[in-house]
Each structure stands twice: as structure tokens, then as C-alpha cells.
Amino acid sequence: MQHINDTVIDTLPSEIRSLLDLLNDQQDDMLSRTIELAEINSGTLNRDGVNQVLESLLKLTANLSSDHERIPVAPWEVVNDQGDIVHNPLGDALRIRKRPEAPLQVFLCGHMDTVFPKDSPFQKVKWLDDETVNGPGVTDLKGGILVMLKALEVLEQSPWAEHIGWEILFNPDEEIGSPGSAPLIAESAKRVHLGMIFEPSFPDGSLAGQRKGSGNFSVVSHGKAAHAGREHHLGRNAIRALCDFVSAMDDLNGQRTGITFNPGFIHGGGPTNVVPDKCVHKFNIRLEHPDDEQWCLDKLNDIIDGINTRDGIHLELHGGFTRKPKLLSPANEKLLALAQNLGAELGLSIDVKPTGGCCDGNNLASAGIPNIDTLGVQGGAIHSEQEYLKVNSLVPRAKLSAALLLTLAYRQANGDQLEWLRGA
Ligand SMILES: [Zn+2]
């Protein structure tokens with residue numbers, strides 16, 4: 001018997017082990033379904049493609065529950081490259097629930113979208129070697145969807161399933177920061193005790209612990225057009241104003257620990273004989289503490305106010321912080337320790353590492369729900385055409401998630417109220 005913090009962890013009971021053995025021969029099935037999902041293009045803005053993935057998931061989950069709810073989400077408002085505000089329609093979300101009356105409620109989440117647009121050349125899955133496939137979304141996150149579903153199938157076959165209720169959210173927009181599905185995650189957070197999110201683990205199988213927060217912003221600079229030769233003095237140069245903003249913002253790097261500002265995109269102007277009247281800049285901020293958001297906003301507004309005192313120049317700031325930093329609560333630490341321990345029981349050595357990346361685990365943690373957000377497959381090079389999946393990670397990762405669900409259900413069934421998960 002080991003003690004992790006004050007949570008006592010027994011060796012995995014043999015009843016749980018024999019249920020996990022049901023997964024031993026599932027690799028081929030998991031892989032073929034992962035490939036089917038990966039070969040449906042579901043770039044976030046390919047609404048039809050995302051909805052086609054949703055249709056496939058309706059079929060794949062038909063045996064798990066009959067409580068399926070297809071939920072439209074709000075369009076994504078962005079500043080386009082010309083500085084105009086546009087609204088992009090998104091695919092629907094799918095929520096699936098089971099036993100909402102059970103004493104312990106688990107939230108499971110996986111996104112259906114990928115970063116590869118409809119016209120990307122990267123659409124097919126191919127083998128790289130005996131253990132590795134390369135394809136769009138195989139690891140981020142379609143392989144993870146199969147890990148989630150197989151783990152739930154095992155839970156449903158266990159005698160303790162009635163002690164756990166669960167709800168899945170398949171969301172359509174994680175890759176753009178979940179702007180449309182964030183309210184759905186917040187809604188679930190009011191009902192559940194813990195979260196399991198199926199983003200890929202680190203390539204070596206490690207789980208993500210603490211995560212930075214993130215914000216995406218745009219600044220549109222407005223000036224006044226004039227002929228560069230005849231009336232240069234009448235023009236007000238939007239590019240110059242924006243360059244001053246970018247320099248001042250970039251100088252904020254290093255002023256406060258853990259905060260980074262990244263100028264990421266700039267577009268504006270036209271013929272060189274015209275004083276440009278518009279220019280657009282997009283940037284990202286990462287931070288470690290929720291309080292840092294206000295500091296950033298104050299600094300940005302100071303810079304903008306300063307530049308806006310200039311005659312004929314007007315800068316507008318759009319966007320905001322979409323992901324709060326994920327800080328690990330004591331309950332979250334224990335949940336991670338439990339996963340590490342179960343991993344060790346299964347022969348998987350699992351580390352926990354902090355990361356600057358964000359995901360839906362940030363949203364859930366900011367709502368006070370302990371969660372593990374990297375329970376998906378092992379692979380790497382995600383968000384690139386080199387994205388790969390380690391095929392032989394499918395079954396072990398499904399076992400890890402199944403072991404978590406089964407252990408919680410088993411303990412609940414045996415009178416353990418799991419107070420540590422309930423903020424007690
Ligand atoms: Zn992802």
C-alpha cells in the first residue's frame with residue numbers, strides 16, 4: 001500500500017485488472033476508427049466536416065448511451081486580415097450523458113476539430129513504420145476520442161458502473177480556443193466532480209500539470225490616406241502608428257515574470273505612393289497567474305491611449321483572454337498522483353510536466369474542477385504535417401483511463417465518498 005499525499009492507493013484489485021484485460025485485443029479496432037475519423041477533414045472552419053465527425057460519433061456512441069444532445073454554438077467573431085469584424089459559423093457540439101443522478105459525476109471532453117483546413121494538402125493517413133502512422137488529427141485528437149470511448153465501454157461492463165455518472169462533450173472549436181463551446185464547458189463544470197480530457201500526452205507519455213493562460217488580441221490602426229507625393233503632410237500613417245504599438249508591446253516582455261507577448265501577424269497598406277490609412281496586427285499573450293491579465297490590459301491600454309493622442313490616428317483593441325492559467329489545486333494534485341500510480345500498476349511510467357500550451361483543461365480548472373487533460377494517445381509533431389501517432393499507445397492509454405474510472409467507481413461502491421474530489 002502506498003500513500004500519495006493523504007490518498008491511500010491500494011494495489012489494483014484483480015476484478016479491475018480482469019476488466020482491463022478486455023482491452024487487450026482492441027488496438028486494430030481503435031486504429032481503424034481513428035483513421036476513419038482522421039480522414040474526415042474537420043478543420044475548425046470546415047463546419048460541414050466537423051458535423052460529419054459528429055455524425056460518426058453519434059454512431060460510435062450509440063451503445064454507450066441514448067441521451068445525445070446536439071448543440072449549436074455561437075459563431076466565432078474575429079478581426080480579419082483587412083481589419084473588419086467577421087463571424088465564422090462553427091460546427092455543432094455533441095453532449096452525451098449517462099446516469100446524471102449517480103453520486104460521482106465525471107466530465108469527459110475531446111474536440112472534433114483540427115488545425116488543418118479543408119484545402120490543406122494533408123488529408124490522408126499513412127504508415128511511417130510498423131508502429132507509427134502519420135495523419136491529420138490522428139493524435140490531436142481523434143486517437144484520444146477512441147481512448148475515451150473504449151475506457152467508457154469497460155466502465156459500462158463493470159459491476160460498479162452505477163456509482164458513476166458521466167457526460168461527454170465533443171466540441172467543435174478547441175483549436176481556436178473554444179470560443180463557442182466555453183459556455184458548455186462552464187455549464188458542465190457546475191454538475192461534475194472531475195474532468196478527463198483526451199488531448200495527446202507528451203510524446204513520452206507524460207501528463208500535463210500546470211498550464212499557462214492565453215489571450216488572443218488584434219489591434220486595428222486607423223490613419224488617413226493621402227498622396228505620398230503631393231499631399232504627404234495631410235496623411236496620417238497607420239503603419240507607423242501600429243509599428244510604435246508593436247515595439248512598445250514587445251518591450252513589455254521580461255517586465256513581469258511568466259508573461260510573454262508575441263506579435264504574430266501584421267497586414268496593412270497598399271501602393272507605396274499612398275499614405276496607408278489602415279493596418280492590422282494580431283498577437284498572443286501567455287501568462288501564469290490570473291491576476292496578470294489586468295496588468296497586461298492596463299499596459300496595453302496605456303500604450304494605445306498614448307498613441308491615440310496623435311492627430312488623426314486611432315488604434316482599436318479587440319479580443320481578450322480566452323484561457324485562464326491552469327493552477328493545480330490540492331484535489332488536482334491528488335488526481336494526477338492517482339493516475340501516475342495506476343500507470344505504474346499498468347507498467348507505464350508517467351511524469352507530470354508544466355506546459356505553456358492551453359486546452360479545455362484550463363477552462364475546467366478555472367471553474368474549480370480538478371482534471372487531467374492529456375489522457376489521449378502518445379504521438380507528436382501535432383499541428384504540422386508530420387503529426388504522428390504511436391499505434392501501440394492506443395490500448396495502454398485506454399487502460400489508464402479505464403483504470404481511473406474503474407478505481408473511482410470501485411471506491412465509491414465500497415463506501416469511499418472520495419471527499420478529496422469534492423473540495424472537502
Ligand atoms: Zn487538441
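1. The model is predicted, with local features needing pLDDT of at least 70 and side-chain atom pairs counting only at pLDDT 80 or more, while totals for chains, interfaces and linings use all residues. Numbering starts from 1 along each chain as its sequence is written, and side-chain values use heavy atoms, without hydrogens and water.

2. The zinc ion is coordinated at 1.8 to 2.2 Å by His111 through NE2, Asp140 through OD and Glu199 through OE, where donors are N, O and S atoms within 2.8 Å of the metal (3.2 Å for Na, K and Ca), and the site may look incomplete because water is not among the atoms. The spacing of these donor residues in sequence is H-x28-D-x58-E. Since His111 belongs to strand E7 (residues 104–111) and Asp140 to helix H4 (residues 138–156), the pair ties together parts that are 29 residues apart in sequence; helices (at least four residues) and strands (at least two) are DSSP runs, numbered from the N terminus.

3. Ser120 sits in the loop between E7 and strand E8 (126–129), and Ser120 is buried, with a relative accessible area of 10%. A polar atom of the Ser120 side chain lies 2.9 Å from the backbone nitrogen of Phe122.

Technical notes:
Buried < 20%, exposed > 50% of the residue type's maximum accessible area, 1.4 Å probe, protein only. Polar contact = N/O pair within 3.5 Å; in protein donor to acceptor, adjacent residues only side chain to side chain.
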